[in-house]
Amino acid sequence: MFLALRALGHQRGRFLLMGAVIGLLALLTVMLSGLSTGLVNDGVSGLQHLPASAVAFDEGTREDNAFSRSVVDPEQRDAWAGQDGVEEAELFGVSLVNGTTADGDQVDLTLFGVPPASFLAPDPAAGEGLGNPGGIVVSDTARDEGVELGDTVELDRVGTELTVVGFTGRQDTFGHVDVAYLPLDTWQYLATGRSQPGAPTADLVAADRLETASVVALRTVDGADLAEAVDVAAGDAAAGTSARTLDEAFHASPGYTAETTTIEMIQVFLYAIAALVVGAFFSVWTVQRQHELAVLRAVGAPTGFLLRDGVTQAAAILAVFSALGVGAGVGLGALMPAGMPFALEAGPIAVATALMAGLGLLGAALAVLRIVRIDPLTALGGQR
């Protein structure tokens, strides 16, 4: 270790250049991690916060944008409610709408239709919960669009008015659009396309509404895993549905699969580049030190000593400059504009940084392995 640290001090320029590259890679890792987390939150945070174990789509529904394609009815809900291991089953409606506030601000909302007294109903952090046919509980991020308690949102083309009665106190979005929870009956009324201008009343909703919804939301007994608690095949056969866990249902959100796979592919390439860059640097460095290392072998230095020497250098550089890169990334992430889907979380950043550093060490170790092939006679002039 003494030799490794001594070399770092005597070759500062070379190692600073390498460290700068590692720092930039760490910075990019943090930014990609924040973008990945932000895109997931912006795409499916509404589903992530749903207190359900699984959702059941109508049988044969395509996975892509399945929430918009699927249509289920009360008979399918009842079939699931009768399955062993299912504690509760409720109809759950999902649709996207455009509207305008009284101040003339245009807003986009994803309507989550839920029975007000069910396990799906949100517990508002501000205002009141669902009950009024025209009341909606909205994601806290809608405040950035100028939406406040008591505001009225008039839906485009139909003129139906919904009043903001509460906020969830967190980000609830679906397909990058703020979620608005409303009573399922009102959602079914709006789904007819025949809703009347003005605020919906209980009489209007009861007189003209659909009996269907988008999916059946399921909650298993004691929150157990779906496959362990329920005979999924039997439930799907009885109800004519295709059940998926909540995590699997994320892929039914618009654009979720394309976004996440793209970011994951970029991250894989970044990790591979980190390993190759660090490995290439230490490979060149090892070749340049070949005479010195051969002398050490000639005087009896074991292979393990030389390997530790090289890996210690890599570890020191990776630790210091990865920390600097992560710090710069966190600082830069705090400056991201509010409209950008970017969120920093300690867990994903730590995993990504550790993975990059681990691959860098592996690349360095593979490069230093050439030490074991150095002939001590090289240092003594044996080649001549």
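The unreviewed UniProt entry places the feature "transmembrane region" at residues 15-35, 268-287, 315-336 and 348-369; UniProt positions follow the numbering used here, feature names are shortened, and annotations may be inferred rather than shown by experiment. This is a predicted model, in which local features need pLDDT of at least 70, side-chain atom pairs count only at pLDDT 80 or more, and totals for chains, interfaces and linings use all residues. Residues are numbered from 1 along each chain as its sequence is written, and side-chain values use heavy atoms, without hydrogens and water.

Two of the annotated spans are tabulated, with helices (H or I, at least four residues) and strands (E, at least two) taken as DSSP runs numbered from the N terminus.

The axes of α4 (residues 74-81) and α8 (residues 232-239) come within 8 Å and cross at roughly 150°. Axes are lines fitted to C-alpha atoms, for helices over the stretch in contact, with angles from 0 to 180 degrees between N-to-C directions. The two helices α4 and α8 are therefore roughly antiparallel (over 145 degrees). Gln76, Ala79 and Trp80 of α4 meet Val232, Gly235, Asp236, Ala238 and Ala239 of α8, where contact means heavy atoms within 4.5 Å.

Asp84 sits in the loop between α4 and β2 (86-101). Its relative accessibility is 68%, so Asp84 counts as exposed (over 50%, 1.4 Å probe, protein chains only). Beyond neighbours within four places in sequence, Asp84 contacts Ala229 and Val230. Asp84 and Ala66, 18 residues apart in sequence, are 26 Å apart in space, C-alpha to C-alpha.

Terms used. Angles under 35 degrees count as roughly parallel, over 145 as roughly antiparallel, 65 to 115 as roughly perpendicular and the rest as oblique. Buried means under 20% relative accessible area, exposed over 50%, partly exposed in between (1.4 Å probe, protein chains only).
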